[in-house]
Amino acid sequence: MTEADAPGPLGGGFFDTRVGLAVRRWCAPVLDLAPHASPDDYLARRAELGFAEVNRRFLASAGLGALCVDTGFNPDGLLTPDELGGLAGASAHEIVRLETLAESVAAREGGADGFADAFRTALAERTRNAVGVKSIAAYRAGLDLAGERPADRDVAQAAERLLRGAAGAGRPRVADPVLHRFLIWCASDLRLPVQFHVGYGDADADLRRGDPLLLTGLLRELARAGTPVLLLHNYPFQRSAGYLAQVFPNVFADVGLALHGVGDRASVVLGELLELAPFGKVLYSSDAYGLAEYYHLAALLFRRALGRVLDGGLAEGSWTGSDASRLAGMVAAGNARRVYGLDG
Amino acid sequence: MTEADAPGPLGGGFFDTRVGLAVRRWCAPVLDLAPHASPDDYLARRAELGFAEVNRRFLASAGLGALCVDTGFNPDGLLTPDELGGLAGASAHEIVRLETLAESVAAREGGADGFADAFRTALAERTRNAVGVKSIAAYRAGLDLAGERPADRDVAQAAERLLRGAAGAGRPRVADPVLHRFLIWCASDLRLPVQFHVGYGDADADLRRGDPLLLTGLLRELARAGTPVLLLHNYPFQRSAGYLAQVFPNVFADVGLALHGVGDRASVVLGELLELAPFGKVLYSSDAYGLAEYYHLAALLFRRALGRVLDGGLAEGSWTGSDASRLAGMVAAGNARRVYGLDG
Amino acid sequence: MTEADAPGPLGGGFFDTRVGLAVRRWCAPVLDLAPHASPDDYLARRAELGFAEVNRRFLASAGLGALCVDTGFNPDGLLTPDELGGLAGASAHEIVRLETLAESVAAREGGADGFADAFRTALAERTRNAVGVKSIAAYRAGLDLAGERPADRDVAQAAERLLRGAAGAGRPRVADPVLHRFLIWCASDLRLPVQFHVGYGDADADLRRGDPLLLTGLLRELARAGTPVLLLHNYPFQRSAGYLAQVFPNVFADVGLALHGVGDRASVVLGELLELAPFGKVLYSSDAYGLAEYYHLAALLFRRALGRVLDGGLAEGSWTGSDASRLAGMVAAGNARRVYGLDG
């Protein structure tokens, strides 16, 4: 339910977090319970309904028009994008995780020499129907990635290290700045939007290496190449993400994972992103994974948060009602449709 | 009254800060003055009452159930934990400052060879009745401390540097990543909770080296060892501290020093910590030192801040009144009692 | 209108930002349009009035008592301080940009040997009627500048690199930590207040290198020398700037550029600066440049933001009405008059 693996022996139960309290408040009624149902009642009712019905209810209640689904993290046992779209009554689109694809290419390629070409071919094939790619460099080598496209020779050497590591560990694991950059530039060459996990994540991430400002040099180069970049989550660096979304023409941002993570503080976090970020550069995302609750909860908290930000400005006379409607439409749907080309 | 040594010649008087204004607002009445008494009237009345009576009033008005007192910073001329507890009508417990103890061991030990064992023995003795230890690495070598337990050989070399330095400076001063780590692991071996000064402090601290995210690797290792860690103060990194408190089962956090430092902004700062931090992982602290006002002021501002955070959620329907009471009890007392074993 | 060069091909128009919405809300009436006039109407009316009339109206409506104008960035085609002062009905004072002056000295000096003396002489002359200097190290080498005064030999070598670079690029460009430090210490020797651009700026800046905490060592040395330092803008590091303004007697701060950049969020940003910063250490600035709108908008948003911060404390009983008036006078005028010696 949170980004922790387990509560500690000295306390810190997950239901006693903002997200846990939000589940009791907002998800319980979807399961026919009263708001604020106790954790025990909630878990009992959830088990009674069964996961298929639970998934159906939460996806349907999210009110989504389209889903962009990253399929690269432990997909076994998860619903496919099409299954999710079916439950949500929405169109579904795939986001291909770069490192996962690179690791599967490395696992089946014999030598390091052929890696670069093999990856390029695999990416082109794999993304034929995808709307973008995602890099999880933040979890691996960190976001301090040089801007320039890496030289072929450097990529070949990095591939060799990757395969050597795979021989030792049993499977290849991409965690090398040269490789992350190579994967990203391959996606740029295919004119695909590139998502970056930024900031808040689980304990595997070193949050210091997930600061979006570390990407400044790479964003500058990707701007020159005309590659759209989407900075995901960003907490607690949402103001820095807003700055990057303002000064780079190709940069977009959301506060996805943070939105349900912070429960009823979502409007505070979204408000900070929207200090500098143009309304035309901010997107919705849920970062829902595993628990179907998050599809419902993230959408609900986001609508409330955006509503609060826009109503607040309206009450102060900062903009008109028609401005607010237009800006809401951009952030909630229009920007995503445009960047990912969902209508094209 | 603030973390500055002195106001500047061009202005910046301490009474014209949020904390100074809070002293006039909330401390003046404890000295029988009207709220917002002028600085001159305040200082005159304080002198008239005398420090013994002033101490008595502020400690009594704090409404404390138990104190955990760090005795390692210039304790001469300060009240002891027992004296403080007596004035507060509360139980008092000691926190042993690691670097202070290490420096006294080094000062009396002849050679570097015996330092490690001598420190281990001294720590075991000194903490027999203590409830935890504190590291001020943030003020010395900074928090960028490697996770692993340092090798004996490295500790011996570091001890040699410490003694050489002491010969030059007249007294030993621990400011070496290897030594800070050694001290912390000695405490871990004794199963003692370890406090870290994090973030906001005086001008001696380099705030960049006091970022709690620098501790990530060490927290991961201490989590494996089952050692409770308490991140103190954390300002302006309270959101990062909240993240660490969420993802590591052994990590707890407060916004102590910041609470009275920011006066009536305390609820904003506490609210940010409580975005990701589970309610079961957040503690109260005053960081009161020197001026008795802080015992009263920190407790009062904390109660108001926590009340505002919890009442805010109640008003929005984020949780129930009974949730709010339970969460308040955890943050205000239960978590500390559990982590420090105050009832045991 | 923002710190971006151009909107992106996939959206992010400048009028759909907080600052753009604030221009429509607050600047349109100054041009006789209704609040929230459409962008097209606004631009048409602005063109119709002509820039001279537009400048006149916005400068006059800003309600300024004195201007301190940095004349070092592309001054051709801009109004001079005296012209600005004339339109504003205010006294005008000059701030000399250190790097610009150093580059003009380097361009006309033949050899590196004479650079240091030539710069010292030029600075003394150029600042005879100036009230301070400004460093844009944040845009060039970054703020991670060692505290000590650089040795003559190091300055001579740096000057040689500067002239060699100029021979290649056609003109000298100061972007060398040694040179930035040298320029700053020359200003300190002349007892001039030193401004630093900090944080938020355009895409040329690497925001990570613009963190004010990087200046800690230099601020400590400049405090010893008694040199007033002004940290400008600081977004999103305003809390760190507030900390520095509290613990160093010579440090002052504003949130200038951010104030109009974040539109109606200005009170949030100012409120964070004023958590730790003494009221006697916070100044107003507009960072207006190019567009006359910013003189009006920054002043208006600042007054509203400061009003909201002070009224908020008044409503909570944090201070009295007479405190609030006194603190407002300090932040809005008194501190600047004192630091820059505007009345002397």
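## Ground rules

Contact here means heavy atoms within 4.5 Å. This is a predicted model, so local features need pLDDT of at least 70 and side-chain atom pairs count only at pLDDT 80 or more, while totals for chains, interfaces and linings use all residues. Residues are numbered from 1 along each chain as its sequence is written, chains are lettered from A and ligands numbered from 1 in the order in which they are written, and side-chain values use heavy atoms, with hydrogens and water left out.

## How the copies are related

## Where B meets A

In this interface, 36 residues of chain B touch 40 residues of chain A. Together the two chains bury about 3100 Å², with 52% of that on carbon and sulfur atoms; buried area is the accessible area (1.4 Å probe) that two parts lose on being put together, summed over both. Arg239(B), Tyr243(B) and Glu275(B) supply 20% of what chain B buries against chain A, more than any other three residues.

There are seven salt bridges between chain B and chain A, each being a side-chain nitrogen of Lys or Arg within 4 Å of a carboxyl oxygen of Asp or Glu. One of them joins Glu316(B) to Arg308(A), the closest N and O atoms being 3.2 Å apart. On the side of chain B that touches chain A, at least two residues each come from helix H9 (216-225), helix H10 (238-247), H12, H13 and helix H14 (321-339) of chain B; helices are DSSP runs (H or I, at least four residues) and strands likewise (E, at least two), numbered from the N terminus. H14(B) gives the most, with six residues.

## Where C meets A

Here the contact takes 40 residues from chain C and 36 residues from chain A. Chain C and chain A bury about 3100 Å² between them, 52% of it on carbon and sulfur atoms. This pair of chains has seven salt bridges, among them the one between Asp211(A) and Arg208(C) at 3.1 Å, N to O.

On the side of chain C that touches chain A, helix H1 (18-27), helix H12 (266-276) and helix H13 (293-316) of chain C each supply at least two residues. The biggest giver is H1(C), with four residues.

## A ring pair inside chain B

Over all chains, the structure holds 24 aromatic pairs. Rings of Phe, Tyr and Trp (its six-membered ring) pair if their centres lie within 6.5 Å; planes under 30 degrees apart count as stacked, over 60 as edge-to-face and the rest as tilted. Phe73(B) and Tyr289(B) have ring centres 5.2 Å apart and planes at 45 degrees, so the pair is tilted.

This pair links distant parts of the chain, 216 residues apart. Phe73(B) sits in the loop between strand S1 (66-70) and helix H4 (81-88) of chain B, and Tyr289(B) in the loop between helix H12 (266-276) and helix H13 (293-315) of chain B.
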